[in-house]
Amino acid sequence: MSERSTLGQFDSQTTLIPAGAGADSTLVLTLAMTAAATVIFLGVMGLVWLAWRRERPGHVWWLWTGGFALPVIALTALVVGSTFTLASIGKVERDALVIEVTGYQYWWDVVYDPDGRALRDANEIVLPVDTPVTFRLKSDDVIHSFWVPSISGKMDMIPGRINELTVRATRTGRFRGQCAEFCGLSHPLMAFEVEVVEREAFDAFAERLAGEARDADTLQLARGRNVFLEEGCAACHAIRGVAEGARVGPDLTRIGARAALGAGMWRMNVGNLAGWIADVQDMKPGANMPSYNHLSGPDLRAVAHYLASLK
Ligand code: CUA
């Protein structure tokens, strides 16, 4: 388990240290609800204590106060507060950057600027800080739910529907996202990483994403690329400039640059890549990819090195 994922930091996946406008207001609402619930609890316990002591209050004022006035005031305040918070979180902003994310069992297809340049990536999302971003959320199989606890509330991804979620990250850093709707055997292994960077770094990232895969410039990398093509990997995975068009599995054009392998689950390195290819059904049970355990050691090593070189 020590090899598992990249994100050991305390604030990597928490609602208690917000890094986005939506997560901020959600935390305020949570604290307000907890405070209100505490007051109501103490009030009710006070009444229980009075009854226990059999002190007859004489009037029924305490019944009206504790049983009617207090709950009406508290619940009205909570309904108003949560309604306004929800409305402010869901608000669509014009000129927001659009990122389309499609959920699959058990990974995420990510397309930046889907109506324009349509730059495709997978399982990792880079966001510019202090910029409104609208996620256009879809699913191509079952219901998933898109959730980056540090940045915003969650939103379901429903087949045949497009749900929109606008977020604004308020500080740079790496944050973890997680599928929040049970979607099958490897639902808990369906995570992703969000990297929030300055605007210039984001633009540079988008430029890199618009390019083609790095050339295989050594014998071993060329051998790895041939194994990739001969074993039919390109039937499911695209690598820009090498094998394009396939959408069944994650785009691999910059897989070596990602921090994690297997949708946020494993550290990205040659060893994990080789293990994944040889025995994916052990590392992610139920994944829509067969284990390639018939490859020879040198072939497996070559293709793992080739994929790790794609950045
Ligand atoms: Cu996808 Cu749970």
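Helices (H or I, at least four residues) and strands (E, at least two) are DSSP runs, numbered from the N terminus. The model is predicted: local features need pLDDT of at least 70, side-chain atom pairs count only at pLDDT 80 or more, and totals for chains, interfaces and linings use all residues. Residues are numbered from 1 along each chain as its sequence is written.

The buried residues of H4 are Leu221, Gly224, Arg225, Val227 and Phe228. They lie on the same side of H4, because they cover an arc of only 160° around the axis. This arc is that of the directions from the helix axis to the C-beta atoms. An α-helix has 3.6 residues a turn, so residues three or four places apart point the same way. The buried residues of H4 pack against helix H6 (297-308). Contact here requires C-beta atoms, placed from the backbone, within 7 Å.

H4 comprises twelve residues (residues 219-230) and should span 16 Å at 1.5 Å a residue; its end C-alpha atoms are 16 Å apart, which agrees. The expected span is 1.5 Å times one less than the number of residues. Just after H4, Gly232 takes a positive phi of about 80°. An unreviewed UniProt entry annotates residues 219-311 as "domain: Cytochrome c". Such annotations may be inferred rather than shown by experiment. Over residues 219-311 the chain is 41% helix and 4% strand.

The domain assignment, from an automatic or database source, gives domain 1 (21-90), domain 2 (97-208) and domain 3 (219-308). The C-alpha centres of domain 1 and domain 2 lie 36 Å apart. Their contact takes five residues from domain 1 and eight residues from domain 2. Helix H1 (residues 21-52) supplies the largest share of the domain 1 side, four residues.

H1 has 32 residues and should span 46 Å; its end C-alpha atoms are 47 Å apart, which agrees. The buried residues of H1 are Ala21, Gly22, Ala23 and Thr26. Gly22 is buried, with 25 other C-beta atoms within 10 Å. Leaving aside neighbours within four places in sequence, Gly22 is in contact with Ile89, Ile151, Ser152, Gly153 and Val167.

Key. Two residues are in contact if their C-beta atoms, placed from the backbone, lie within 7 Å. A residue is buried if 20 or more other C-beta atoms lie within 10 Å of its own, exposed if 12 or fewer, and partly exposed in between; C-beta atoms are placed from the backbone.
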